[in-house]
Amino acid sequence: MSFISVRNLKKSYGKLKVLRDISFDVEKGDVIAVIGSSGSGKSTMLRCLIDLEHIGGGSVSVDGEYLIEDGKYSSKEKTKEITSKMGMVFQNFNLFPHLTVRKNLEMPYGLMNKQASAVDTAALCDTMLKKVGMLEKADVLPAKLSGGQQQRVAIARAMMLSPEIMLFDEPTSALDPELTGEVLSVIKQLAKEKMTMIVVTHEMAFARDVATRVLFMDDGAILEEGTPEEIFTSPQNQRTKEFLNNFIAS
Ligand code: ADP
Ligand code: MG
């Protein structure tokens, strides 16, 4: 079985079918780029995987353990154990505005690791901030940072919890173009370190360079899946072709 296996994942909001039988596999160290128009269900798919949305049917397993199997959720404890292997980074950073950068990292870590000493927590925090080039901003509030810096802090915060899988939901969409590169290079570095990642993105050059596989979503379904080479050089599906052409045109 794959590291992450998603089979016939379904999700509706009332009558609106948002995910229609989504199936894909992720192996350890894969970087999956998810592309597709706005409203195609990309965010919902990520939010279902990390249990921020209730799944309406299908199966999701991580490392051989089911989050949900044929529409039936595992126990609360099991669900928590599985989702604790995942870190998520959102489009709008979602930092705690009233906490310094350091406290943004230390507070969630402290909640998850009640026995950790303050000294060890601070040392880990320093390591993670250094990794994203933000150590010198440890004691400032998020509002004093650029969007790119805030997003790097958000990545460090997720990494504090030693995730085995990172989910990124359009991590650079809220950024001015000149700030996009610094965030993408942090994600590239994680890819080099073989972090398993699912990245929803509109950065096609990034997807082409970094992804091991690309999924194209449209209207709640995965219409096409392949290597970056296959998807960007010779897309098979008409909708994929149109989507990519619109990108080139814009
Ligand atoms: P994407 O991330 O690809 O832009 P989303 O997953 O955000 O797409 O949304 C997919 C569809 O689900 C859209 O039609 C959106 O309007 C709808 N949707 C998303 N969240 C909710 C919600 N909480 N309630 C009702 N509809 C929602
Ligand atoms: Mg979205």
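User: Which strands form the open sheet with antiparallel pairing, and in what order?

Analyst: Strands of a sheet pair through backbone hydrogen bonds, either parallel or antiparallel. In this predicted model, five strands make an open antiparallel sheet, ordered S2-S1-S4-S5-S6. Strands (E, at least two residues) and helices (H or I, at least four) are DSSP runs, numbered from the N terminus. Two strands pair if DSSP finds at least two bridges between them. Strand S2 (16-26) and strand S6 (72-73) are the edges; each has a single partner strand, so one side of each lacks a neighbour in the sheet.

Some ground rules. The model is predicted: local features need pLDDT of at least 70, side-chain atom pairs count only at pLDDT 80 or more, and totals for chains, interfaces and linings use all residues. Residues are numbered from 1 along each chain as its sequence is written, chains are lettered from A and ligands numbered from 1 in the order written, and side-chain values use heavy atoms, without hydrogens and water.

User: How many bridges join strand S1 to strand S4?

Analyst: Five, and the two strands run antiparallel. Within S4, Gly57 stands opposite Lys10. Helix H1 (residues 42-49) packs on this sheet and touches S1, S2, S4 and strand S5 (65-69). Contact means heavy atoms within 4.5 Å. The direction of H1 makes about 65° with that of S2. Axes are lines fitted to C-alpha atoms, for helices over the stretch in contact; angles run from 0 to 180 degrees between N-to-C directions. Helix H2 (residues 76-83) lies across S4 and S5, at about 115° to S5.

User: Which six strands form an open sheet with mixed pairing?

Analyst: The order is S7-S8-S9-S3-S10-S11. Its edge strands are strand S7 (86-89) and strand S11 (221-226), each pairing on one side only. Neighbouring strands are turned by 20° against each other on average, direction ignored. Strand S3 (residues 31-35) runs parallel to S10, joined by four bridges. Ile32 stands opposite Arg213 in S10. H9 packs on the sheet, touching S3, S10 and S11, and its direction makes about 100° with that of S10.

User: How many aromatic pairs does a search of the whole structure find?

Analyst: A pair of aromatic rings is described by the distance of the centres and the angle of the planes. The search finds two pairs (rings of Phe, Tyr and Trp, its six-membered ring, with centres within 6.5 Å; planes under 30 degrees apart are stacked, over 60 edge-to-face, the rest tilted). Phe216 and Phe243 have ring centres 5.2 Å apart and planes at 45°, so this pair is tilted. Phe216 lies in strand S10 (residues 213-218) and Phe243 in helix H9 (residues 238-249), so the pair ties together parts 27 residues apart in sequence. Both residues are buried. Buried means under 20% relative accessible area, exposed over 50%, partly exposed in between (1.4 Å probe, protein chains only).
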